[in-house]
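Please look at the sequence and the model below before reading on.

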Amino acid sequence: MTFSLVAHCAETGMFGLAISSSSPAVAARCSFARAGVGAVASQNVTDPTLGPLTLDLMQNGLSAPEAIDQIGRQGNFMDYRQVLAIDTQGRTAIHSGANSLGIWTQAEGRDVASGGNLLANDGVPAAIVTGFVESTGHIGDRLIAAMRAGLCAGGEAGPVHSAGLKIVDRLSWPIADLRCDWTEDCPIENIATAWEIYAPQIDAYVQRALDPREAPSYGVPGDD
């Protein structure tokens, strides 16, 4: 009941992740990224501990394939889990347990990996990977393009209700962490709209955190 991708921008070093599901608040439970380390999606009968554990393994020197291999051997109930990871070299790895729900499959490409379960068809992750690889621009734009491609390829077997987009870049916090926890409309388009509004303001929000003296105007009464 979820489809996602983890991705790396080879030009900037940014990591990103986008995810959507029929379940509520999927991004709050399933999306993990750490600047200078990687990105992880932990989905399908979710165990949220697997995201930080995988990131810790990669931060301690393991590649994404090595980290996922270790998680697959040491995690609990891994037959029910689906975990995607990408590292600083753009290497990807995916664990999809045999008890993943419905139609489940996965796909990998240069600097990107996608996986899903309870899908409308087994071509959705491949469409997501293609959507990312063939798109250009900011990693956030490419994540949106990839998720739209997955939706156009069929998406989930039923309607999706929540989605999220997370991007990290050199700082200890995400420079973008956009979520739609529930909607009867399309949560991916909700996130796309939020991204269009938020993207031009990212640098200003980062500057306000690092040194507000050099930040642009806040645009509120009393702001000189």
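The model is a predicted one, so what follows describes a prediction. Its largest nonpolar core has 33 residues, its largest cavity holds about 50 Å³ of space, and its largest pocket holds about 270 Å³.

**The nonpolar core**

- The largest nonpolar core is made of 33 residues, and those with the most contacts inside it are Leu5, Phe132, Ile139, Leu143, Leu165, Ile167 and Trp195.
- At least two residues of this core come from each of the following elements: strand S1 (2–8), helix H4 (124–133), helix H5 (139–152), strand S9 (162–168), strand S10 (176–180), helix H6 (187–198) and helix H7 (202–210).
- Helix H5 gives the largest share of this core, which amounts to five residues.
- If residues up to four places away in sequence are not counted, Ile139 touches Ala7, His8, Cys9, Met14, Phe15, Gly16, Phe132 and Ile167.

- Helix H6 has 12 residues and reaches 16 Å from its first C-alpha to its last, which is close to the 16 Å expected at 1.5 Å a residue.
- Which residues of H6 are buried? They are Pro187, Ile188, Ile191, Ala192 and Trp195.
- Seen down the axis of H6, these buried residues fall within an arc of 145 degrees, so they line one face of the helix.
- On the face of H6 turned away from its buried side, the exposed residues are Glu196 and Ile197.
- The cover over the buried residues of H6 includes S1, strand S2 (15–21), H5, S9, S10 and H7.
- In H7, the buried residues are Ile202, Ala204 and Val206, and what covers them includes H6.

**Helix H2**

- Helix H2 (50–59) has Leu50, Gly51, Thr54, Leu55, Leu57 and Met58 as its buried residues.
- These buried residues of H2 fall within an arc of 160 degrees when seen down the helix axis, so they line one face of the helix.
- Among the elements that cover the buried residues of H2 are strand S3 (31–34), S4, helix H3 (64–74) and S5.
- Just after H2 comes glycine 61, which takes a positive phi of about 115 degrees.

**Cavity and pocket**

- The count comes to one cavity of 30 Å³ or more, and about 50 Å³ of space lies in the largest cavity.
- The largest cavity is lined by Ala18, Ile19, Ile144, Met147, Ala163, Gly164, Leu165, Ile188 and Ile191.
- The largest pocket contains about 270 Å³ of space.
- Of the 16 residues that line this pocket, those closest to its centre are His8, Cys9, Ala10, Glu11 and Arg142.
- The elements that give two or more residues to the pocket lining are H4 and H5.

**Residues in the loops**

- Most residues other than glycine have a negative phi, and this is the background for the next two points.
- Asparagine 44 is not a glycine, yet its phi is positive, at about 65 degrees. It lies in the loop between strand S4 (38–43) and helix H2.
- Leucine 118 is likewise a residue other than glycine with a positive phi, near 50 degrees, and its place is in the loop between strand S8 (112–117) and H4.
- Glutamine 89 is found in the loop between strand S5 (82–87) and strand S6 (92–96), and at 57% relative accessibility it counts as exposed.
- Glutamine 89 and aspartate 111 are 22 residues apart along the chain, and their C-alpha atoms are separated by 8.0 Å.

Terms used:
Residues numbered from 1 in each chain as written. Predicted model: local features only at pLDDT ≥ 70, side-chain atom pairs only at ≥ 80, totals over all residues. Heavy atoms only, no water. Core = buried A, V, L, I, M, F, W, Y, C linked by side-chain atoms within 4.5 Å. Buried < 20%, exposed > 50% of the residue type's maximum accessible area, 1.4 Å probe, protein only. Helix = DSSP H or I, 4+ residues; strand = E, 2+ residues; numbered from the N terminus. Contact = heavy atoms within 4.5 Å. Expected span 1.5 Å × (residues − 1). Arc of directions from axis to C-beta. 1 Å grid on protein atoms, 1.4 Å probe; cavity = no way out; pocket = protein on both sides within 12 Å on 5 of 7 lines; lining within 4 Å. Points joined across faces, edges and corners; volume = space filled by probe spheres on them.
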